Amino acid sequence: QKSDGRIAPYLVLMDDGMALYAHRTEALMETTVPPMEVTYNIGCRVECQLAEGEEISEATKWFPGTIIQAHHNWAISPIDTPPYFVRFDYGRERPFWGPADRIREIQSKDKSGRFPTLRFGVGDRVSCYMDSRWVPGKIVQTWYREDEFQDDHAAPYQVLLDTGGFIYSPMDDDDCIMKSTLPPPELRFELGDKVKCRVEGGWEPGI
C-alpha cells in the first residue's frame, strides 16, 4: 500500500537500490539475471564507480574505500538494506547497490605476493588531495596498515602533513598523491635546542 492509500500489485526493489511500485502486472516479467552477490567482506578495500545517475563508461572515475557493512541476504531484506555500505576515502559513507561490475577489490600485492614498486619513498615531499584541495607533506611510511585493513592489504603511503596531521594515501596515482615542489615549513628550533613549552599550569623546560 502506498502512502496515499492506493494499492499497487507489487513493490519491486531494483538492483540499483530504487524501489518501484508496479501498477500493472503486464509490466513485469520474470528474469533469469541473479541479484548481485555479496563477495567482499567487512574491511575489504574496494573501489566503486559512482556516476550519480549518469551513464557509466570506461572513463567514469573509480572511488576507493573500505567496506564497513556487508549484507549477504540483502535481496530478501527490507528495502533500505543495501549489499554493501562503504566508507569512501574522500570522507563520505554511503550504500552501494551495484551492479557487480561497478565494484572491484583493490589489490595491494602482485601475483607473486609482493607489494609493487612505488613512485615515492620515505622522506619524499608530496601533495595529497583532500577536501577539494592539495595539501603538502612528507612520506613517513610506505605500505602502511591499519587494524581495519584485511590481512593482504596496505595503503601505499602514510603522510605527515605540513599542518601536523597524519593521513594515508589509498592509491599511488596523481588523483590522490603527487610530487610537491613546495619546500618544508621552516622551524624556529633544531633538534637538541633547549626550549620551554606552555602546559597546563605554566611553562615547562625541555629539549
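The exercises below work through a predicted model of one protein chain, each with a solution in steps.

**Exercise 1. The chain as a whole**

Task: State how many helices and strands the secondary structure of the chain comes to, and what share of its residues counts as buried.

Solution: Begin with the secondary structure, which comes to zero helices and 14 strands, so that the pattern read along the sequence is β-β-β-β-β-β-β-β-β-β-β-β-β-β. Next take burial: of the 207 residues of the chain, 32% count as buried. The chain exposes about 14400 Å², and carbon and sulfur atoms supply 51% of that area. Finally, among the contacts in the chain with a separation of 6 or more, 45% are accounted for by residues 24 or more positions apart.

**Exercise 2. Strand β5 and its partners**

Task: Determine which strands pair with β5, and in which sense.

Solution: Strand β5 covers residues 84–88. On one side, β4 and β5 pair in the antiparallel sense over five bridges, and in this pairing Thr66 stands opposite Arg87. On the other, four bridges join β5 to strand β6 (residues 93–96), again with the strands antiparallel, and here the bridge partner of Arg87 is Glu93. The strands β5 and β6 form a hairpin with four residues between them, and Gly91 in the turn has a positive phi of about 110°.

The last step concerns the two faces of the strand. In a regular strand the side chains alternate between the two faces of the sheet. In β5 the covered face holds Tyr84, Val86 and Phe88, whereas Phe85 and Arg87 make up the uncovered one.

**Exercise 3. The surroundings of Thr66**

Solution: Locate the residue first: Thr66 is in strand β4, residues 62–70. Leaving aside neighbours within four places in sequence, Thr66 is in contact with Gly43, Cys44, Arg45, Phe85, Val86, Arg87 and Glu148.

**Exercise 4. Salt bridges**

Task: Give the count of salt bridges, and work out which parts of the chain are linked by the pair Arg104 and Glu47.

Solution: The count comes to seven salt bridges. Side chains of opposite charge can pair when their charged atoms come close. The side chains of Arg104 and Glu47 meet in a salt bridge of 2.6 Å, N to O. This pair links distant parts of the chain, with Arg104 in strand β7 (residues 103–105) and Glu47 in strand β3 (residues 45–49), 57 residues apart. Turning to accessibility, Arg104 counts as partly exposed because its value is 37%, whereas Glu47, with a relative accessible area of 9%, is buried.

A second pair is Arg119 and Asp172, whose side chains meet in a salt bridge of 2.8 Å, N to O. Here too distant parts of the chain are linked, since Arg119 is in the loop between β7 and β8 and Asp172 in the loop between β11 and β12, 53 residues apart. Arg119, at 40% relative accessibility, is partly exposed, and Asp172, at 24%, is partly exposed as well. Arg119 and Asp172 are also linked with Asp174 in a network of salt bridges.

For another case, the side chains of Arg24 and Glu26 meet at 3.4 Å, N to O, and Glu26 counts as exposed at 57% relative accessibility.

Terms used: Residues numbered from 1 in each chain as written. Predicted model: local features only at pLDDT ≥ 70, side-chain atom pairs only at ≥ 80, totals over all residues. Heavy atoms only, no water. Helix = DSSP H or I, 4+ residues; strand = E, 2+ residues; numbered from the N terminus. Contact = heavy atoms within 4.5 Å. Salt bridge = Lys/Arg side-chain N within 4 Å of Asp/Glu carboxyl O. Buried < 20%, exposed > 50% of the residue type's maximum accessible area, 1.4 Å probe, protein only. Areas by Shrake-Rupley, 256 points an atom, 1.4 Å probe, with all protein chains shown as cover. Pairing = 2+ DSSP bridges.
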